Amino acid sequence: MPEKTVKVFDGHNDTLTKIRHGGPNAQRSFLERSEKGHIDLPRAREGGLAGGFFAIFTSSPNYERVVDPLVGADGQTVPEAWSVPLPPKLDRRIATSWTLSVMSDLFRLEAESDGAISVVRTTAELRRCLSDGTFAVILHIEGAEAIDSKLEALDVFYEAGLRSLGPVWSRPTIFGHGVPFDFPRSPDTGPGLTAAGRRLVERCNKLGILIDLSHLNLKGFWDVSAISQAPLVATHACAWSLSQTPRNLTDEQLDAIGESGGLVGINYAVGFLRADGDGSGEFKTPLTEIVRHATYVADRIGVEHVALGSDFDGARIPEDLGDATGLPRLIEAFRDAGFAEQDIELIAFRNWLRVLDQTWRE
Ligand SMILES: [Zn+2]
């Protein structure tokens, strides 16, 4: 008898941005099955994906990723390594206009779905969706460029449904500094939060908006850790000890997340999973790499602090996972690694419910 499908609630995807912005290879209707990208509603249902954090991300105009081999300590270039310079600060008007457009896409999609999709604002709504099969969407903004230093826009976005916010993407904002895409490198890449960044954390606590630590540099991470009353959460990151990109979390960061009662959504991006940091796709990356990072975090801080944060539609993921329909194979890989069924459920969705219960105000 086949094992039951485990539903997965996921910490991060870039699907909304990709559908609007990604060109002919990405544009599609979320409601119809497609071969493009990683998620649409039919593929989510097939794979047991019950919903997730849907990011709104504004890209920098005229910014192109440049692959730039690093020079190692011995003076030789490191062929698999890659380094991308940080784009400059983004104009707030560009970010605001884009963010409103993508939010509108989401609310129109919800309306068109005829009840199949729901933007959730409370954990009661999320629980209802998980039990009745409605696809649940948490509105997340990745990089707070659309928010002013007086935090007026934050109040408005909250009322519209914003429940999760990254103070930075890998780009400086008025609130803090993000890490570059680089390998191998420490996440200690610059100064911590600004005064506005500290006010942002306090206001998010007060409203009940989750603060996503992914992309934040090390000093910014410790600043949030010192100020925030909520569990510490990185929605899409892996273990730095296993793959030394600054996007991943050091052992000390993992410990702080565990002590706060927080959560790490393990990222499926091959460049953050692989020990050699190669995100090019030239070499095959088995989906067991995701389990390897999850096991590391669970062994260090406990399985109640591990979740999934796919980066679907935002990153190159293991080929044998493919897209959302491959999730049952990932669950099987957790079983093969010896995870008990009840621990798999914690990782797949229950840990998110606990952390959101402690973070959101309802
Ligand atoms: Zn991201």
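User: Buried means under 20% relative accessible area, exposed over 50% and partly exposed in between, with a 1.4 Å probe and protein chains only. Does E142 count as buried or exposed?

Analyst: This is a predicted model, in which local features need pLDDT of at least 70, side-chain atom pairs count only at pLDDT 80 or more, and totals for chains, interfaces and linings use all residues. Residues are numbered from 1 along each chain as its sequence is written, and side-chain values use heavy atoms, with hydrogens and water left out. The relative accessibility of E142 is 4%, so E142 counts as buried.

User: Which residues are the protein donors of the zinc ion?

Analyst: Donors are N, O and S atoms within 2.8 Å of the metal (3.2 Å for Na, K and Ca), and sites may look incomplete because water is not among the atoms. The protein donors here lie 2.1 to 2.2 Å from the zinc ion. Their spacing in sequence is E-x72-H-x20-H. The donors are E142 (OE), H215 (NE2) and H236 (NE2).

User: How many residues apart are E142 and H215?

Analyst: Helices (H or I, at least four residues) and strands (E, at least two) are DSSP runs, numbered from the N terminus. E142 belongs to strand β6 (residues 135-142), while H215 sits in the loop between β8 (210-211) and α7. The pair links distant parts of the chain, and the separation is 73 residues.

User: Is α7 roughly parallel or roughly antiparallel to α8?

Analyst: Axes are lines fitted to C-alpha atoms, for helices over the stretch in contact, and angles run from 0 to 180 degrees between N-to-C directions. The axes of α7 (residues 218-227) and α8 (residues 251-259) come within 11 Å and cross at roughly 20 degrees. Angles under 35 degrees count as roughly parallel, over 145 as roughly antiparallel, 65 to 115 as roughly perpendicular and the rest as oblique. Therefore α7 and α8 are roughly parallel.

User: What is the orientation of α4 relative to α12?

Analyst: Helix α4 (residues 123-132) packs against α12 with axes 10 Å apart, at an angle of about 160 degrees. This makes α4, relative to α12, roughly antiparallel.

User: Which residues of α12 meet α4?

Analyst: Contact means heavy atoms within 4.5 Å. On the α4 side, the residues are T123, L126, R127 and L130. On the α12 side, they are F349, L353, L356 and D357.

User: Which residue with a positive phi follows α11?

Analyst: Helix α11 (residues 327-336) has buried residues, including L327, L330 and F334. Among the elements that cover them are β1 (8-13) and α12 (341-359). The residue after the helix has a phi near 100 degrees, and it is G338.
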